[in-house]
Amino acid sequence: MLSALLEERALPPLRAREELLEILQREIYGRMPAAPESEEFTVETKVIWRFCAGKAVCDRVTARCVVNGRPFTFPFLVTVPTAPGPHPFFIHLNFRQDNPDRYMPTEELIDAGFAVLSVCYEDVSSDNDDFTDGLAGLLFDGGVRGPEDPGKIALWAWSAHRILDYAQTRADQLDLRRAAVCGHSRLGKTALLAAATDTRFAFAYSNDSGCSGAALARGTTGETVRDICERFPFWFCENYKQYVDNEAAMPFDQHFLLAAIAPRCALVGSAAADDWADPVSEFLCCCAAAPAFPGGFPCPDRLPGEDEAILDGRIGYHCRPGLHYFSRTDWQRLIEFIRRHS
Ligand code: GCU
């Protein structure tokens, strides 16, 4: 059954990882900015009093980068269990600085034995078409972009790489073999790109990322390339616009993004009532990416139920009832996925 559904989508075949990354950067996200010329981190420790009843310490870290000869700084929070490590950890690209946050149940993550490093995405670059502020301001002369210059998703993904640089300085507490990057919706798209372009991440998790994230564009019943390019053209490179109402001409589809994470582990999460992100197109994207992952995607030959988790392969998928939201159920399934593959 699934092979017939995939055939209908008429997807371009997968290629070697380097080619996937070249196509994805050229056609959709733009070229990832280079690593900074230099970088250092300043740490203010124990910024939340008695955090998690003493089970964890929360530090505020400032990344101090030099990009194109000019300084660029951004803050992030690092919450690490006080129990002896090293601990598996999440780099969570989030919408707010709050810790905990409605999308980040920090104490539960700590109780599960995980550390979490979280960044508020707009501390890196604004979520709009202004390419003169934040990191964008150091990359583009006068804010004008060429066809392959990065959009905001690539800039946010770059910040996850910097936070991982920081994690490497705390290898006694953070288990670098179990580094995960995760995010919800636009930041789920970002988490997938961050993992695809940096093999230091062992795990990637996209929550309800939908169009231009984990959902196939061809045959979607949710958001289309036209929808997203009309409202959020600044998330992508200029080249992406040529595929508005023209998905069939794309030399890629979103299974390229998942496949570029292989042979590492990727989990895609959907919400059953999130028609805009299109759970079926997210599931079929995992099926289409399967050949890139050792062991493939071990799933039954049917569409998943609205409360089902398929976690045994290095590409995994789960759907839960409810709306577009990064819920505790999603986190619990992500934790289970990482445990199974550690
Ligand atoms: C909009 C957008 C989606 C995006 C979502 C979000 O709905 O169309 O592509 O994922 O915002 O980030 O919340």
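**Group meeting: buried polar residues, a pocket and a ligand**

Let me start with Asn-239, which counts as buried at 17% relative accessibility; buried means under 20% relative accessible area, exposed over 50% and partly exposed in between, with a 1.4 Å probe and protein chains only. This is a predicted model, in which local features need pLDDT of at least 70, side-chain atom pairs count only at pLDDT 80 or more, and totals for chains, interfaces and linings use all residues. Residues are numbered from 1 along each chain as its sequence is written, and side-chain values use heavy atoms, with hydrogens and water left out.

Back to Asn-239. This residue is found in the loop between H7 and helix H8 (255-259); helices (H or I, at least four residues) and strands (E, at least two) are DSSP runs numbered from the N terminus. What does the side chain of Asn-239 reach? The backbone oxygen of Arg-26, at 2.9 Å.

Glu-308 is also buried, with a relative accessible area of 17%. Glu-308 lies in strand S9 (residues 308-310), and its side chain makes a polar contact with the side chain of Arg-302 at 3.0 Å. A polar contact is a pair of N or O atoms within 3.5 Å; within protein, one must be able to donate a hydrogen and the other to accept it, and residues adjacent in sequence count only if both atoms are side-chain atoms.

Next, helix H6, residues 186-196. Of its 11 residues, 10 are buried, among them Leu-187, Lys-189 and Thr-190.

Now the ligand. Which distances do we have? From an N or O atom in the side chain of Ser-185 to an oxygen atom of the ligand it is 2.6 Å. For Lys-189, a polar side-chain atom lies 2.9 Å from a ligand oxygen, and for Trp-276 a polar side-chain atom lies 2.9 Å from a ligand oxygen. On its own the ligand has 320 Å² of accessible area, and the protein covers 86% of that; accessible areas come from the Shrake-Rupley method with a 1.4 Å probe, and for residues only the protein chains shown count as cover.

Last, residue classes. The lining of the largest pocket has 7 nonpolar, 5 polar and 6 charged residues. Here Ala, Val, Leu, Ile, Met, Phe, Trp, Tyr, Cys and Pro count as nonpolar, Asp, Glu, Lys and Arg as charged, and the others, Gly among them, as polar.
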